[in-house]
Amino acid sequence: MNYLRKKKKPIIVITPTKNEEWIIDAFLKVTLLFADHIIIADQQSSDRTVEICQGYDRVTVIKNDGHAYDEAYIQVLLLSTARNMFPGVKVVFALDADEVLSANSINSAEWEIITSSAPGTVFYFEKPELYMQTGKTIRYHDRFYPLAFVDDDVQVHHPSLVHSIRIPISANSIKRHIPDIKFLHVAYLRPAV
């Protein structure tokens with residue numbers, strides 16, 4: 001059940017994974033509070049990542065058969081899958097498995113902005129880093145990341161191999177900063193491997 005918004009445009013989350021067993025269950029539980037569907041592109045995980053994902057009804061796992069790390073390939077694969085599964089206007093969030101919605105974002109009025117914006121609109125969010133424990137946070141108040149956009153299957157994505165922007169952005173894109181909704185980057189909480 002989606003607790004965060006009235007029904008408008010579907011919200012689809014696209015996420016690459018490889019050996020994310022440590023966080024994937026928490027990511028899916030939190031993300032399904034606002035997402036209508038999550039598409040996971042798994043790159044040959046050797047842990048239980050895929051098995052955990054398959055336990056959720058609104059999660060689709062596709063294979064990323066690439067052996068090398070290639071953000072461009074993964075992003076195009078995920079976006080084209082989202083467009084094939086959910087044609088037409090939708091909101092697409094491109095999140096990593098270690099980026100989870102902060103609890104204080106749950107009732108944000110900014111969901112209305114996101115779901116009512118025009119196709120091509122890009123949304124920028126702050127990603128505070130939880131550092132070593134949940135009580136310590138690194139904040140980048142002046143750094144917002146483009147993690148979502150309103151897609152109508154028209155925008156062309158030109159990703160790069162590494163450190164790629166995850167979603168299509170053009171010179172004509174409407175850019176909206178969303179200061180109240182945060183995605184916590186929890187990578188520094190990962191147990192030692």
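A salt bridge here is a side-chain nitrogen of Lys or Arg within 4 Å of a carboxyl oxygen of Asp or Glu. Keep that in mind as you look around this structure, which is a predicted model.

## Salt bridges

By that rule, the count comes to 12 salt bridges. Some of them join up: Arg-83, Lys-90, Asp-151 and Asp-153 are linked in a network.

For a pair within one helix, go to Asp-25 and Lys-29. Their closest N and O atoms are 3.0 Å apart, and the two form a salt bridge. Both are in helix H1 (residues 24-31), and because they are 4 residues apart there, about one helical turn separates them. Asp-25 is partly exposed, at 28% relative accessibility.

## The largest pocket

Now for some open space. The largest pocket holds about 720 Å³. Its lining is made of 29 residues, and those nearest the centre are Pro-16, Tyr-69, Glu-71, Asp-96 and Arg-166. Strand E1 (11-17), helix H3 (71-85) and strand E9 (144-151) are the elements that give two or more residues to this lining. Which element gives the most to the lining? That would be H3, with 4 residues. Sorted by type, the lining residues come out as 13 nonpolar, 7 polar and 9 charged.

Tyr-69 turns up again on the surface, where Tyr-69, Leu-161 and Val-162 form a nonpolar patch. Together, these three have about 300 Å² of accessible area. If you want to find Leu-161, look in the loop between E9 and strand E10 (175-185).

## Two loop residues with positive phi

Most residues other than glycine have a negative phi. Gln-44 has a positive one, near 55°. You can find Gln-44 in the loop between strand E2 (37-42) and helix H2 (49-53). At 34% relative accessibility, Gln-44 counts as partly exposed.

Asp-153 has a positive phi too, with a value near 70°. Asp-153 lies in the loop between E9 and E10, and with a relative accessible area of 29% it is partly exposed.

The table lists the spacing of each pair along the chain and the separation of their C-alpha atoms.

| Pair | Apart along the chain | C-alpha separation |
|---|---|---|
| Leu-33 and Leu-101 | 68 residues | 9.3 Å |
| Met-85 and Ile-12 | 73 residues | 9.9 Å |
| Asp-180 and Leu-130 | 50 residues | 17 Å |

Where do some of these residues sit? Leu-33 is in the loop between H1 and E2. Met-85 belongs to helix H3, the element that gives the most residues to the lining of the largest pocket. Asp-180 is part of strand E10.

Why does Asp-180 count as partly exposed? The reason is its relative accessibility of 47%, because that class covers values between the buried limit of 20% and the exposed limit of 50%. Leu-33 is partly exposed as well, at 27% relative accessibility, and Met-85 has 34%, which puts Met-85 in the partly exposed class.

Definitions and conventions:
Residues numbered from 1 in each chain as written. Predicted model: local features only at pLDDT ≥ 70, side-chain atom pairs only at ≥ 80, totals over all residues. Heavy atoms only, no water. 1 Å grid on protein atoms, 1.4 Å probe; cavity = no way out; pocket = protein on both sides within 12 Å on 5 of 7 lines; lining within 4 Å. Points joined across faces, edges and corners; volume = space filled by probe spheres on them. Nonpolar A, V, L, I, M, F, W, Y, C, P; charged D, E, K, R; others polar. Patch = residues over 30% accessible without salt bridge, like charges linked within 9 Å, V, L, I, M, F, W, Y side chains within 5 Å. Areas by Shrake-Rupley, 256 points an atom, 1.4 Å probe, with all protein chains shown as cover. Buried < 20%, exposed > 50% of the residue type's maximum accessible area, 1.4 Å probe, protein only.
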